[in-house]
Amino acid sequence: MSSVGTISRVAGPFLLAKGMAGSRMYELVRVGEAGVIGEIVRLDGEKAAIQAYEETIGIKPGEKVVGTGKPLSVELGPGLVGQIYDGIQRPLSVIQDLIGPRIRRGVAPPALDHKKKWSFQPMVKEKTKILSGDAIGMVQETPLVKHWILVPPWIKEGFVESIVPEGKYEVTHPIAQVKTTEGSEKLHLMHSWPVRQPRPYKTMLPTDVPLLTGQRIIDAFFPTAKGGTATIPGGFGAGKTVMLQSLAQWADADIVILVGCGERGNEMADVIEKFPKLKDYRSGKLLMNRTVIVANTSDMPIAARESSIYTAITLAEYYRDMGYDVAVMADSTSRWAEALREISGRLEEMPGEEGYPAYLASRLAEFYARAGRVTTCGSDEKCGSITAIGAVSPPGGDFSEPVTGHTLRLTRVFWALDFSLAHRRHFPAINWFMSYSEYMRSFESWYENVGPDWPKLREEAMSLLKEEEELKEVVSLVGAEILGDKQRCVFEVAKMLKEYFLLQNAFHPVDMYCPIKKTYQMLRLILEFYERTKQAVARGVPLTQVLSLGVKGELARMKIVRPEEFDETNLAITKKMSEQFGQLAEETPEGESV
Amino acid sequence: MSEVTRTGRKFFTIREISGPLLFVEEVSGVGYGELLEVLTADGEERTGQVIDVSEGITTVQVFQGTSDLDVKASAVRFTGETIKLPVSMDMLGRVFTGGGKVADGGPELIPEDYWDIHGAPINPYSREHPIDFIQTGISVIDCMNPLVRGQKLPLFSGSGLPHKLIASQIVRQAKVRGQEEAFTIVFAAMGITADEARFFREDFMSMGVLSRVAIFINLAEDPAIERIITPRLALTAAEYFAFEQGMHVLAILIDMTNYCEALREISAARMEIPGRRGYPGYMYTDLASIYERAGRIRGKSGSITQMPILTMPDDDITHPIPDLTGYITEGQIILDRKVHKTGLYPPIDPLPSLSRLMDKGIGPGKTREDHKQLSDQLYYAYAEGKVLRETALVSGEAALTKVDKLYLQFADRFERDFIGQGTSENRDIEKTLDLGWEFLSVLPESEFSRIDPDIIKKYSPKHTRKDADNSLVS
């Protein structure tokens, strides 16, 4: 039932309406002659508070408000991948075609192209019993994505009465008739789903597979899981956005959903220009074939910024239900929280910390709780996952502020971005002492499959860095001159570890992506060099002599060796290392001490 | 400022006046954001805007302030229009008040059109990514944090630091290489002193650029509330030049700190729940609605490059104004008081400064292929040098290793002769990069971990000179 009321107050994106009896919380409404889209965020008798998803300039008290009877929903079906949507799933390319380069109100083109025909292959026959989540057919959405057409969640079980033959159909064309206990229902290639309601699944699974990112510091030291959560807090200029974009490019997920939430327009333009040209490392196909972008830049209406997070996670759940590993990257959740704060302020709610509403923590929790690895609904055992990675922009770089604080409690991986690294252009500027991954333990066996000594290497590398840090404090007090070769060796190799391994150039054509095997080999080689250096120094070889070995230069260039040639390089360097250190041993016979 | 229709209805129902706000009752048919006239008892006319409208009370902000207004004899007349700026090419070479009125004693403009001063968000899909390097002739900017056409890159300054000189040097020297067309300048001043206003005006005049500058000035003594619209008027003019006339516009907004103070004042008068340090919770969104008006649009030949200038209260970069700005703009150029005290000009600290669009704007065909790697290496070396300088302070230079001492030497020369340059010295990018190489080659080549070996061979003076020597020999 839809209600018709009238506007009684307009204050920016916030409106009050009366005569709204019969409307529901979170119902979508159309306001005034312009038909501005809004959502009911509070009900009080027959009065309703509305947040508008579009500009409200010119709206007058007394104008009509019409309820649509439906909550804010997204269209789910073939055609999502490769699209760029705003926070309420309006396709930005279509908006441009309709009204030009600026976003003005009152346009609401459908999210999916309702005219485009898709090749549909049916997978079930008449009279087959089906459960919700079962695939009744398939559409090849992009070269990378097989789009399974699933029985929507509200049909618990039923029988296929009829299904169309293989052929081309629009998303709104009925493709099957299903008989349930409640009657008969038509299924289409698409259906819609309310964004604030999580889609159902069967069971939650443990998260024991890492989501590889091709970023050495993450894959080696602080991996997140398929179905896991991670957060990147950092002040401006620490490299959040570049890192999130690298992750969106290289994460080994089947579907990536990138949310630009209250961020810069030029950055979104960069992604929109870059992604359609970049190739996926594994498949060699264009990255856009697995990417959906939700872009609500900082100058676009804030209510749509608030909803963009839900829009994105709902799209993610839809692909998870097909059995895919989905990664959602949100940049930045702080802007989302600010939208929440602004709306709450206009509603004159009692503020909590720093003016944020008291329900900030529970809203954040709701978002991260929609991540996870699950068995999906349906007759057969399918497994899908959503990894949620959120950037946080703490004001003044202060990690004690509410959004960062709550997020850290809700997520299990913390990539701490560090200004002092960023200032010396060490990227990714992830601080190796502050960051952590709570998943490490459950990945142990996975990593041992890549290299049995992996846990040991990781520990060695970390303790080397720690040792260097401690020595640094000493040096800053008494100077480097007092160090012996043994300590200086820690400095030198720690520097190599930082410069040759941890430092990774997101813009270098080879270095931008490092497969896990290469990461492992690189780390092993550097630590082998360390081990041999320590031995040589202990034998009395001067450190300067070790450092002038030719193999050191080759270690420096490892990162720009193409992954497919790296096995060879690995062998060559190992061989050279043993030769060159061997020669050192000959030149300085045992027993000769310094 | 905007054309006001004379037909609107007049209401004498002002109930309350608080700060810059009027609360009016019993009005009807008024829309949110509508423009209105406020008439004082003496018949003076001011302009205002509806910022909250309900059946009971309508809240109005008055741009010329509320002094002398009263609740009885003053009246408001609603116009049914939003605030619009009359736009025309004749705006160039002219000076306007912060409210958009002609302020140079010249004739009124004959507008070609009226544009809504709030603009409309640019569809991110329709944006074109900025890629054209702007040579400012200032090494520390061009090499380390280059400005790109369509970027918004603020100067974070402090009171007493020479941001005015830098801004004026940039206005004078900025150009896109290989293109003759000079930038059209839109200059918006908010809350600056008459002295500063004169400095800029005379400066533009002496540079001979006045004919391609449109100036909007809200002085310190003008009503604070007017500052809310000054940048919006200026950017509307900029949009007209850029996207209607196809010009490349450099918009300078000074001082955004004063703008934010005005924002706080209104928020307090509305009794809104404050965010950090009393600034309204929506300040990020509000600032974004200004800064995001920079950029390029696909299919249009013009562009808007923004250089907002703000003074950090107490030089504190974590203060909400620089903080929120930094989160919206594409980098920042930071002026440092300590450097300034050493007498170095420009006192820019490259380490915390950043240009996010750097990678798009430089490289072969734009600047030079070695630019990115060289600047990365310079960054590393200068950061290292600064750390070692601290160490040397504590434990004496004797405690440093040989290479450490070279880093110190590098840092000193880099500061003095690379960052440092004259206020009218205009270095082209080749000169800047060559200087960078020259200072860097104080260090042994084995330290150059951020540069490809081929690039080192091609550009390092050690190699290029050797090659030159060899060719002399042969």
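**Where the chains meet**

The contact between the two chains takes 82 residues from chain B and 81 residues from chain A, where contact means heavy atoms within 4.5 Å. This is a predicted model, in which local features need pLDDT of at least 70 and side-chain atom pairs count only at pLDDT 80 or more, whereas totals for chains, interfaces and linings use all residues. Residues are numbered from 1 along each chain as its sequence is written, chains are lettered from A and ligands numbered from 1 in the order in which they are written, and side-chain values use heavy atoms, with hydrogens and water left out.

The size of an interface is often given as the accessible area lost when the parts come together. Here chain B and chain A bury about 6,500 Å² between them, with 54% of it on carbon and sulfur atoms; buried area is the accessible area (1.4 Å probe) that two parts lose on being put together, summed over both. Of the area that chain B buries against chain A, 12% is supplied by Tyr32(B), Tyr125(B) and Tyr327(B), more than any other three residues.

The interface of chain B and chain A also holds 34 residue pairs in polar contact, both residues at pLDDT 80 or more. A polar contact is a pair of N or O atoms within 3.5 Å; within protein, one must be able to donate a hydrogen and the other to accept it, and residues adjacent in sequence count only if both atoms are side-chain atoms. Among the elements that give two or more residues to the side of chain B that touches chain A are β5 (45-54), α4 (230-244) and α10 (371-395) of chain B, helices (H or I, at least four residues) and strands (E, at least two) being DSSP runs numbered from the N terminus. The largest share of that side, 9 residues, comes from α10(B).

Strand β5(B) also pairs with strand β1 (residues 4-11) of chain A, in the antiparallel sense and over 2 bridges, where two strands pair if DSSP finds at least two bridges between them. Within this pairing, Val53(B) in β5(B) is the bridge partner of Val10(A).

**Charged pairs**

How many salt bridges does the rule find across the interface of chain B and chain A? There are 9, while the count over all chains comes to 72; a salt bridge is a side-chain nitrogen of Lys or Arg within 4 Å of a carboxyl oxygen of Asp or Glu. In one salt bridge, Lys360(B) meets Asp270(A), with the closest N and O atoms 2.4 Å apart. In another, the side chains of Glu55(B) and Lys18(A) meet at 3.1 Å, N to O. Glu55(B) lies in the loop between β5 and β6 (57-62) of chain B and Lys18(A) in strand β2 (residues 14-18) of chain A, so the pair joins two chains.

**Backbone details**

Most residues other than glycine have a negative phi, and most peptide bonds are trans. In chain B, the peptide bond from Ile254(B) to Asp255(B) is cis, with omega near 0°, and Asp255(B) is found in the loop between β18 (248-254) and α5 (256-269). A cis peptide bond also joins Tyr345(B) and Pro346(B), with omega about -10°. In chain A, Gln89(A) has a positive phi of about 60° although it is not a glycine, and Gln89(A) lies in the loop between β8 (84-85) and α1 (92-99).
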